[in-house]
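Here is a short briefing for anyone meeting this structure for the first time. Have a look at the sequence and the model, then read on for a guided tour.

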Amino acid sequence: MNEMIEKTADGYEIRVGRRSYTLGKESPLFSKIESIGKELLAAPIRLVCENAGERFVFGDAMHFRVLDESRDSVTISTTAEKGAVIANSVLRTEDDGCTDISLSICPRGKTVAEVFGFSKEKPIPFDVTYLALEVPLRSENLQYFQLYPHGLYVSDGVYHNWEPIHAADLLPEKELHCGFKEQVLLLGDACGFGLFFGSDEPMTLSDPDRAVEIERQGEVTLLRIHLLDRKPDVWDIPDYLRERGFFPLTFRFGLQTLPVRDWDPKTALERNLHIDCYHKIAGNYEDFLSAPVCEGSAEIGYDRLKRLGIQVLYLHEKWNDLQNNPQLTDKTDARLRTIIAECHARGIRVVPYFGYEVASLSPLFAKHGMDIVRISERPTRGGQWYRYPYQRDLPICMGSQWADIFYEGVTALQKAYGFDGFYLDGTACPHPCKNRRHGCGYERDGEIHPTVPIWEIRALMRKLGAYCRENDLILNVHVNGTLNLPALSTFGSAWDGETFQTKMLHGEVKKMPEGLLRAMFTGYNTGVPVFSLCYSAPPVWTFRNATALALLHGSFPKPVDIAEPLELMASIWDIAEDFGVGEAVFHPYWEESDPPFPVKTDGDVHISYYKKEGNFLAVVAGISADQHGSVAFGCPVRDAESGEVVTDPVSLEGFDFRLFRFCVHD
């Protein structure tokens, strides 16, 4: 018996953890959606259509459950009709809340009796010139948006370009519009709602720059996706062919609600080190880890990791002679076995890198060649990094046979070598592709347009996520500035920040957009802990600068340097563990209520804090490079790093932080 679904008076209710989806007669799509006790919809999802000059909303829907043996999914077929237009949809909701929706619009056409002349009803005109999906959401739950691909949108009249720093932000005061986006996510501090698409092929738009619209209407935030704003070309046929009607026009898209699972503070506080990411190591990893860390010290890398309490060592790409290849060379075999043995002997787990590329040096590229490569621009242009041993790394597409090759290969490696999980760099990112050799892309007006293998990526990540859960393995995913909604529930943890880090390294950003960090880096609203990526290029940008932004938003960074950054993070982990951050409640600086302790800040300085009964751990940080500030407490506090009691106001430089501990009894 499938316990996910229950029959209601005029439809069904589907329950997934602390979320529910209700189908009723008001709409062929969901009429109610709840997440963690919050109603997300202000009204049923609307399918708005215009036929023969009349605009209407489909209602009086009928819903039919399709019986199968699955206990982890539910399939519902729905239908609604208005005049000459039929709206059919098939909704398949799986146990992580992800819903795959196939929506077909077709003309009513003639009955069998009408076709054979037994009935001569007056024909109803069919001339559909507009179709839109409208999702009325409750504004009280939403503060942010996230779009993918990045940027290229107009918010309250201001144009934003493609840069990843504009991947997410605060919702506009009035209106936002943009062209087609593969993913549109509206979220708040606790929950969220998103739609995603694999292709815009069936859409016909006279104004493609307004494919997506977000309107703030007081208590309602309306998300509108334009599917048609003129007659589709496929329905522009001669009158003599109209008698039997047209083929349906089908739109496939997905829906996901957040959070995808309950918050796990244990994962968020993982003590980890990611070697060779940005801070590059000249030699091989096994030599680096077995050598003294610095001059004048006999402590080797492995022993340093143990002394500083590292639980997980993430190996970057150079562990593998053949980039991202699930077949190892004899040198890689020896390297991996040595590192795993040394780390396991010290109680440290090892998670190697797998990414989004295939090496030109790989036997798999020799076998499959361009059949597995992702093409996002011209067919002759592509490729990523040059690296040693001499090779070029080419982007792969999960819409090709590579998805199966990758899964079988990396799980076989894990079984053979016993490492403790997978670090996936970009593997789950919904990159567009136009490689017709494996079925991506579509042709329109003589040009190949890209599509996204969004469902193939989900299928791969679902399999890999299940494998990791069954074997108690880590699945850490570098999301590259986008939360891939259909894959998100499979992530054990996420890593993000690289997409805008280059601008920080060169001092090009003097103040981070608060909306981006608030939306993407706390993890509370998605249920997936986020490790902030923190690079450094002193004196312009340091690991401590990056850590200030991360801690202020409830994220604990993943250090990428075994030297000073690891020392700093070890002390922060000690402070968090000693305080009991895992059992505390995080209160971010943007909360409307005043903190329950006397404090005064000036300048561009903010304060977030953890509360555990009457005890507080406060993070005070500057969020602007040029503006300095200060903080003064009206109660006795102790500097958590130095242990000193602080009585005077404390000054902070731009992008710096201080941690304070104190107790305030009610």
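The protein chain holds twelve helices and 43 strands; helices (H or I, at least four residues) and strands (E, at least two) are DSSP runs, numbered from the N terminus. This is a predicted model, in which local features need pLDDT of at least 70 and side-chain atom pairs count only at pLDDT 80 or more, while totals for chains, interfaces and linings use all residues. Residues are numbered from 1 along each chain as its sequence is written, and side-chain values use heavy atoms, with hydrogens and water left out.

**Overall size**

- The C-alpha trace of the protein chain spans about 100 × 65 × 50 Å along its principal axes.
- For 666 residues, a compact globule would have a radius of gyration near 26 Å, and the 27 Å of the protein chain agrees with that. The radius is taken over C-alpha atoms, and the globule rule is 2.2 Å times the number of residues to the power 0.38.

**The six-stranded sheet**

- Six strands make an open sheet with antiparallel pairing, in the order E35-E37-E38-E43-E40-E41. Two strands pair if DSSP finds at least two bridges between them.
- At the edges are strand E35 (585-587) and strand E41 (645-646), each of which pairs on one side only.
- Strand E40 (residues 637-639) is joined to strand E43 (residues 657-663) by two bridges, in the antiparallel sense. Here Asp639 stands opposite Phe660 in E43.

**Two helices on that sheet**

- Helix H11 (residues 543-552) lies across E35, strand E37 (605-612), strand E38 (615-622) and E43, and runs at about 45 degrees to E43. Axes are lines fitted to C-alpha atoms, for helices over the stretch in contact, and angles run from 0 to 180 degrees between N-to-C directions.
- Helix H12 (residues 564-579) also packs on the sheet, where H12 touches E37, E38 and E43, and its direction makes about 20 degrees with that of E43. Contact means heavy atoms within 4.5 Å.
- How do H11 and H12 cross? Their axes come within 10 Å and cross at roughly 30 degrees, which makes H11 roughly parallel to H12. Angles under 35 degrees count as roughly parallel, over 145 as roughly antiparallel, 65 to 115 as roughly perpendicular and the rest as oblique.
- The crossing of H11 and H12 is right-handed; a crossing is right-handed if the near helix is turned clockwise from the far one by less than a right angle, and left-handed if anticlockwise.
- H11 brings Phe543, Arg544, Thr547 and Leu551 to this contact, and H12 brings Pro565, Leu568, Met569 and Ile572.
- The contact residues of H11 with H12 divide into six nonpolar, one polar and one charged. Ala, Val, Leu, Ile, Met, Phe, Trp, Tyr, Cys and Pro count as nonpolar, Asp, Glu, Lys and Arg as charged, and the others, Gly among them, as polar.

- Helix H7 (residues 402-417) and helix H8 (residues 454-470) have axes that come within 10 Å and cross at roughly 10 degrees, so H7 is roughly parallel to H8.
- H7 passes H8 in a right-handed crossing.
- Among the residues that meet are Phe406, Tyr407 and Val410 in H7, with Leu460, Leu464 and Tyr467 in H8.
- The contact of H7 with H8 has seven nonpolar residues, two polar and three charged.

**The three-stranded sheet**

- Three strands form an open sheet in the order E26-E28-E27, with antiparallel pairing. Strand E26 (357-359) and strand E27 (386-387) are at the edges with a single partner strand each, so one side of each has no neighbour in the sheet.
- E27 and strand E28 (residues 391-395) run antiparallel and are joined by two bridges. Tyr386 has Arg392 in E28 as its bridge partner.

- Most residues other than glycine have a negative phi, and most peptide bonds are trans.
- A cis peptide bond, with omega about 0 degrees, joins Leu258 and Pro259. Pro259 sits in the loop between strand E22 (249-258) and helix H2 (265-268).
- Pro538 and Pro539 are also joined by a cis peptide bond, with omega about 5 degrees. The loop between strand E34 (530-532) and H11 holds Pro539.
- Tyr278, a residue other than glycine, has a positive phi near 70 degrees. Tyr278 is in the loop between strand E23 (272-275) and helix H3 (285-290).
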